[in-house]
Amino acid sequence: MDSKFSKNLVFAVTIILACLTQFATEVYAPSLPSMAKMLSTSINFAQWSIAVFMIGVAITQFIYGPLSEVYGRKALLLTGLLIMFIGSIVCMLAVDIEMLIAGRFLQGVGAGSCACLWRSIMRDTFSGKELAKYGSFAVVFIMFIIPAAPVVGGYLQRHYSFRASFVAIAIYTIIGILAVLFGLKETNQHASKSRLKFSYIRDTFLILLTSRVFMGNSLCTFLSYGALIAWITAGPVLLIKHVGITPVYFGWVSFFIALVAFGLGGLLNGVLVPKFGMRFMLRVGWTIMLLSGILLYLGYRIFGVSLWPIAIPSTILLFGSQFIFPNVFAGAFTPFGKIAGYAGALYGFMQVAGGAALGSIISFLPSTTPVPLSIIYVATTALTWILFESIVPKPTSDSTEES
């Protein structure tokens, strides 16, 4: 098979897998207020179901990553997708919040395979600036899938109920299973049973945990992704419950925010990173994200709780984040091509754990104003920037040598 065609096919499958976790997070966001009412629970526990999903995604990556170094990426992906399908059925049939949270956790356990291994597959196939470039262009494709999730969820809520969103997740999961079965060949060329020995696992994770390059970049994604999940968790409650827009209108607002932010940010980063380097683009992204938090707070003080003073700063936040995720991903993974499964497990855990932590915090903070959200935007961005500059050494060139 032609090398370029083969790479493009792998890229297409990884796009489907990369979007699944986010789709499963956002598609039912417009239903959060209604779901709380239907299941006779508080809005806080309805919001927390997002964080519970993230917890399941985070902890299972330490299982999928090492096992993929022994049995390959494909078998573990299919296993995880099957578990996620079962979790979707549980959520669809939930009669109370406890059953729904159990189903969301099971979904997360399955989705952990995608969240962990799509990065490993990308690293199996690409490296260095090529990895950063494909990671950026991936955002351009992703912007047609993820932004559609709340729109779909809004219409499903209008015509059916929150249960229909979980039917949509189940259908997407089936598409993922078919894509892996028929569109993905095994990409791990270093699979070996020796990699499942305790001593190997311990030593491999120690290499990653003691790497300033890997851990510095991973801490960045922990905090930056946490800010993004804080918006996904708090946004529907602020705009639907307190501003008073409909779930469908919220879906379209979310679509607009993500389309502009993901599309323009991903495209610009993909074009500019070969010229200016990854470190420079990260600083641009953090500057933009800091600005978003300040504007969110000032908008509330001037205009109160209203649509566009909340939506516009959040668009700016997501726009800035697109200069962060592809570059810290490439920076963390490039030196570790031979242990990409382990790198994917630890990096994926750090990212999703950030979402779970910040999502949990924002779930139980007051949701009547955007002030808590603005504090999270500013605090996480400032801390991310400080940690990166303190931990990650400046390279002699903007790409890290492969080991």
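**Notebook: helix H16 and the protein around it**

I began with helix H16 and looked up which of its residues are buried: Val371, Pro372, Leu373, Ser374, Ile376, Tyr377, Thr380, Thr381, Thr384 and Phe388. I note at the outset that the model is predicted.

I next asked which helices the buried residues of H16 pack against. I found four entries for this: helix H10 (212-243), helix H12 (278-303), helix H13 (307-321) and helix H15 (340-363).

I then checked the length of H16, which runs over residues 371-391 and has 21 residues. From its first C-alpha to its last, H16 reaches 30 Å, close to the 30 Å expected at 1.5 Å a residue.

Along the principal axes, the C-alpha atoms fill a box of roughly 55 × 45 × 40 Å.

Of the 403 residues, 59% are buried. Among contacts with a separation of 6 or more, 87% come from residues 24 or more positions apart.

I closed with the surface and the charges. The accessible surface of the protein is about 15,100 Å², and carbon and sulfur atoms hold 72% of that surface. I recorded 25 positive and 13 negative side chains in the protein. The centres of these two sets lie 4 Å apart.

Technical notes: Residues are numbered from 1 along each chain as its sequence is written. This is a predicted model: local features need pLDDT of at least 70, side-chain atom pairs count only at pLDDT 80 or more; totals for chains, interfaces and linings use all residues. Side-chain values use heavy atoms; hydrogens and water are left out. Helices (H or I, at least four residues) and strands (E, at least two) are DSSP runs, numbered from the N terminus. The expected span of a helix is 1.5 Å times one less than its number of residues. Buried means under 20% relative accessible area, exposed over 50%, partly exposed in between (1.4 Å probe, protein chains only). Contact means heavy atoms within 4.5 Å. Accessible areas come from the Shrake-Rupley method with a 1.4 Å probe; for residues, only the protein chains shown count as cover. Lys and Arg count as positive and Asp and Glu as negative; His and the chain ends are not counted. The place of a charge is taken as NZ of Lys, CZ of Arg, CG of Asp or CD of Glu.
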